[in-house]
Amino acid sequence: MRDALGNVQSVLVLGGGSDIARATVTRLVRRRARTFVLAAHHPERCADVVTELTAAGATTVEVVPFDANDTDAHPAMIDDLFDRFGDFDVVLIAFGVRGDQAEAEHDAQAALEIARINYLGTVSVAVPVANRLRAQGHGTIVALSSVAGERVRRSNFVYGSSKAGMDGFLLGLGDSLVGTGVKVMVVRPGFVLTKMTEGMDPVPLSTTTDVVADAIVTGLARGSETVWVPGVLRYLMMVLRHVPRPIFRRLPV
Ligand SMILES: NC(=O)c1ccc[n+]([C@@H]2O[C@H](COP(=O)([O-])OP(=O)(O)OC[C@H]3O[C@@H](n4cnc5c(N)ncnc54)[C@H](OP(=O)(O)O)[C@@H]3O)[C@@H](O)[C@H]2O)c1
């Protein structure tokens, strides 16, 4: 349960190795969050963040193995975590893969890998998480979507379509939870400098994990349902979404 000042106290991260997740939990511990469960694809890579959270005052920090592809295991895993750690105020869905667009355009397995992790993986965890949050009567699902899903571009349509799918699912899930005490906050960053974008040339309006994490913390305090990072993307995408396809196709996006 959030404390009397509305501060988040307990956090479950699905995709605990994500750079954006790391920046976010670092901020939350400074704001008095005390319990962190990091479900990570490679738990052994989370040692630094465990040390950082513990040093900053977290009382419980546990890392558990998690594979977004292993959808059969998700309901039992989620139940086990809620049974062992009690209520979570925030469940951050931070896993995802960018994949190789050129390969995925021609190789169904490569395309399916992106769709499975980003879309099916999200659906698979979001339903059992929502069930547990509904039962506890409070909590926020924070999910890292992307500006790429708002208007899917030719240059990364495989990733973009997987984000469009997960984004739509989560917005609908949020609508279904109105009145239960549970919220869904969909976060749509643009290009963020993380290991996912390593080696790529930054684009205009590129941002950092710190800026995304600050926007998440502000969104949590405000009870926002959608968060764009940087904020100006909300207005840019409002326009881009309506550009007629023959013109959109010619834009350098
Ligand atoms: N960076 C950007 O420009 C950007 C922009 C918009 C949205 N996003 C979204 O933000 C989220 C976090 O990305 P990030 O930028 O922080 O990149 P990141 O550091 O690469 O984080 C992605 C995380 O997903 C995990 N993951 C990949 N496959 C998985 C699987 N099968 N099961 C469980 N976890 C898996 C990765 O774990 P391993 O590395 O251990 O495999 C990694 O920890 C992603 O959903 C991404 O799509 C990123």
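For helix packing I take axes as lines fitted to C-alpha atoms, for helices over the stretch in contact, with angles from 0 to 180 degrees between N-to-C directions. Helices (H or I, at least four residues) and strands (E, at least two) are DSSP runs, numbered from the N terminus. The model is predicted: local features need pLDDT of at least 70, side-chain atom pairs count only at pLDDT 80 or more, and totals for chains, interfaces and linings use all residues. Residues are numbered from 1 along each chain as its sequence is written.

Entry: H1 and H7.
I looked up H1 against helix H7 (residues 209-222) and got an angle of about 55°, with the axes 8 Å apart. That makes H1 oblique to H7, because angles under 35 degrees count as roughly parallel, over 145 as roughly antiparallel, 65 to 115 as roughly perpendicular and the rest as oblique. For contacts I require C-beta atoms, placed from the backbone, within 7 Å. On the H1 side the contact residues include Ile20, Ala23 and Leu28, and on the H7 side Val212, Ala213 and Ile216. The residues of this contact divide into seven nonpolar, two polar and four charged. Here Ala, Val, Leu, Ile, Met, Phe, Trp, Tyr, Cys and Pro count as nonpolar, Asp, Glu, Lys and Arg as charged, and the others, Gly among them, as polar.

Entry: H1 and H2.
Helix H1 (residues 19-30) packs with helix H2 (residues 47-55) at about 15°, the axes being 9 Å apart. That makes H1 roughly parallel to H2. Arg22, Val25, Thr26 and Val29 in H1 meet Val49, Glu52 and Leu53 in H2.

Entry: the sheet.
Which order do the seven strands take? I read S3-S2-S1-S4-S5-S6-S7, an open sheet with parallel pairing (strands pair if DSSP finds at least two bridges between them). Strand S3 (60-65) and strand S7 (226-229) stand at the edges, each with a single partner strand, so one side of each has no neighbour in the sheet. Five bridges join strand S1 (residues 10-14) to strand S2 (residues 35-40), and Leu12 stands opposite Val37 in S2. Helix H5 (residues 108-136) lies across S1, S4, S5 and strand S6 (182-189), at about 165° to S5.

Entry: the ligand.
I found 26 residues around the ligand, the closest being Gly17, Ser18, His41, Gly96 and Thr194 (near means a C-beta atom, placed from the backbone, within 6 Å). This shell has twelve nonpolar, ten polar and four charged residues.

How values were computed. Contact = placed C-beta atoms within 7 Å.
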